[in-house]
Amino acid sequence: MGTSEVVSIGTLRREIRELTATVTVLLDMLAEAGALDREMLRTRVEAMLENSREETPPMSDPWRPSDPDLPPPLGGAPDRDAVHEQPMVQCASCGSMVPERMTVIIATGVICDVCASRRA
Ligand SMILES: [Zn+2]
């Protein structure tokens with residue numbers, strides 16, 4: 001496995017800001033259109049966060065061996081068994097082999113999430 005690329009904190013911050021703004025505007029528009037129950041939304045978001053907390057290991061512990069369903073961390077040494085369960089795709093941008101579920105398809109081909117976030 002060659003190039004391991006790390007998304008910079010600055011990039012993440014910018015994306016989070018954009019996402020937050022997008023969601024905020026989206027919710028406002030839905031609310032104005034009478035299509036949003038904010039209390040229901042909050043309840044459901046919290047329920048989903050509860051669920052994902054139980055199923056997903058913390059970001060700081062990517063090497064926990066007991067979760068074969070999770071994709072291996074980008075650029076890291078693959079966990080033998082976990083890798084074979086999902087098709088691997090070569091990123092058209094950086095050339096890394098990444099699990100198919102961690103890629104996006106753009107006009108020029110299939111690229112990994114890391115490259116996709118850089119283009120955003
Ligand atoms: Zn890539």
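Colleague: What is the mean pLDDT of the protein chain?

Modeller: pLDDT is the predictor's confidence in each residue, on a scale from 0 to 100; here the chain averages 80, with 71% of its residues at 70 or more. Because the model is predicted, local features need pLDDT of at least 70 and side-chain atom pairs count only at pLDDT 80 or more, whereas totals for chains, interfaces and linings use all residues. Residues are numbered from 1 along each chain as its sequence is written.

Colleague: How many residues of α1 are buried?

Modeller: A residue is buried if 20 or more other C-beta atoms, placed from the backbone, lie within 10 Å of its own, exposed if 12 or fewer do, and partly exposed in between. For α1 the count is zero among its 24 residues, and over the 120 residues of the chain the buried share is 9%. Helix α1 (residues 9-32) spans 34 Å from first to last C-alpha, close to the 34 Å expected at 1.5 Å a residue, that expectation being 1.5 Å times one less than the number of residues. After α1 comes Gly34, with a positive phi near 75 degrees.

Colleague: Is Met97 buried or partly exposed, and why?

Modeller: Met97 lies in strand β2 (residues 97-99), and it is partly exposed because it has 15 C-beta neighbours inside 10 Å.

Colleague: Which residues form the largest nonpolar core?

Modeller: Such a core is a set of buried Ala, Val, Leu, Ile, Met, Phe, Trp, Tyr and Cys residues joined through C-beta atoms within 7 Å. The largest has six members: Cys91, Val98, Ile111, Cys112, Val114 and Cys115. Two or more of them come from each of β4 (109-112) and α4 (113-119). Contact requires C-beta atoms, placed from the backbone, within 7 Å; leaving aside residues up to four places away in sequence, Cys115 touches Cys91, Ser93 and Cys94.

Colleague: Which strand pairs with β4, and in what sense?

Modeller: Strands pair when DSSP finds at least two bridges between them. Strand β3 (residues 103-106) pairs with β4 in the antiparallel sense over four bridges, one of which links Thr103 to Cys112, and a two-residue hairpin joins the strands.

Note on methods. Two residues are in contact if their C-beta atoms, placed from the backbone, lie within 7 Å.
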